[in-house]
Amino acid sequence: MSEIENKTGYDRLAWFYHRYWGARYHAAAFPVIERLFLTRMSADAALLDLCCGTGHLTQRLVDRGYRVTGIDASEPMLRFARAALPKSDFIAADARAFSLASHFQGALSTFDSLNHLLSSDALTLAFRNVHAALRPGGLFLFDLNMEEAYRSEWGKASAIVEEDHLCIVQGGYDSTRRIGRTEITLFHRADLWQRAEITLLQKCHSPEEV
């Protein structure tokens with residue numbers, strides 16, 4: 001499996017991610033983003049939200065008066081972002097392959113998005129692209145899951161059950177390959193029940209690699 005399969009997984013998962021995951025994570029993370037990042041940005045700074053997903057962080061930043069450009073590889077995820085923020089710029093692009101002028105005072109990539117890049121070379125490409133998009137002295141804030149998280153969290157399972165949908169999430173971690181695997185089973189009822197099986201992979205990049 002590759003980054004392409006991860007993208008396809010998020011294409012199929014977009015509605016569920018938008019409803020349950022993005023808002024919950026960023027509500028918890030935003031105070032840290034404020035302290036480490038926003039205190040160093042000017043009031044109307046141009047910011048890059050890399051792997052913006054369905055736009056939860058973008059929305060919070062726009063509400064603060066920042067000019068935000070969002071990038072994500074998944075068009076279905078971006079549809080939610082564009083619907084919520086029609087005046088903001090969203091670009092469908094791979095983190096490894098985008099190219100923007102050196103316009104941004106700061107860039108962010110949150111919710112362990114960069115762990116979905118499955119090699120050091122892929123991570124390097126993303127970092128280079130961000131660096132090229134930043135003005136001199138620009139700041140890049142990102143998070144990555146480290147091995148402690150994969151060992152403690154990826155063996156757990158959870159489920160959400162509603163009248164018209166069901167989601168089961170199970171994980172596992174291969175410490176030899178340093179790969180975290182998330183298996184998602186989705187049932188969604190339109191006229192008939194539909195089932196989707198989604199697998200997402202993450203790479204545990206060591207601090208030395210980063």
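Predicted model: local features only at pLDDT ≥ 70, side-chain atom pairs only at ≥ 80, totals over all residues.
Local features need pLDDT of at least 70 and side-chain atom pairs count only at pLDDT 80 or more, while totals for chains, interfaces and linings use all residues. Residues are numbered from 1 along each chain as its sequence is written, and side-chain values use heavy atoms, leaving out hydrogens and water. Helices (H or I, at least four residues) and strands (E, at least two) are DSSP runs, numbered from the N terminus.

**Sheet**
- Five strands in the order β3-β2-β1-β4-β5 form an open sheet with parallel pairing; two strands pair if DSSP finds at least two bridges between them.
- β3 and β5 (134-142) are at the edges with a single partner strand each, so one side of each has no neighbour in the sheet.
- Five bridges join β4 to β5, and G106 has L139 in β5 as its bridge partner.

**Helices α1 and α3**
- α1 and α3 (residues 75-84) pack at about 35°, with axes 7 Å apart; axes are lines fitted to C-alpha atoms, for helices over the stretch in contact, and angles run from 0 to 180 degrees between N-to-C directions.
- Residues in contact (heavy atoms within 4.5 Å) include Y10 and W15 in α1, and M77 and F80 in α3.

**Buried residues**
- N6, in α1 (residues 3-36), is buried (under 20% relative accessible area, 1.4 Å probe, protein chains only), at 3%.
- The side chain of N6 reaches the backbone nitrogen of L201 at 2.9 Å.
- In α2 (residues 56-63), H56, L57, T58 and L61 are buried.
- Among the elements covering these α2 residues are α1, β1 (46-50) and β4 (104-109).

Terms used:
Buried < 20%, exposed > 50% of the residue type's maximum accessible area, 1.4 Å probe, protein only. Polar contact = N/O pair within 3.5 Å; in protein donor to acceptor, adjacent residues only side chain to side chain.
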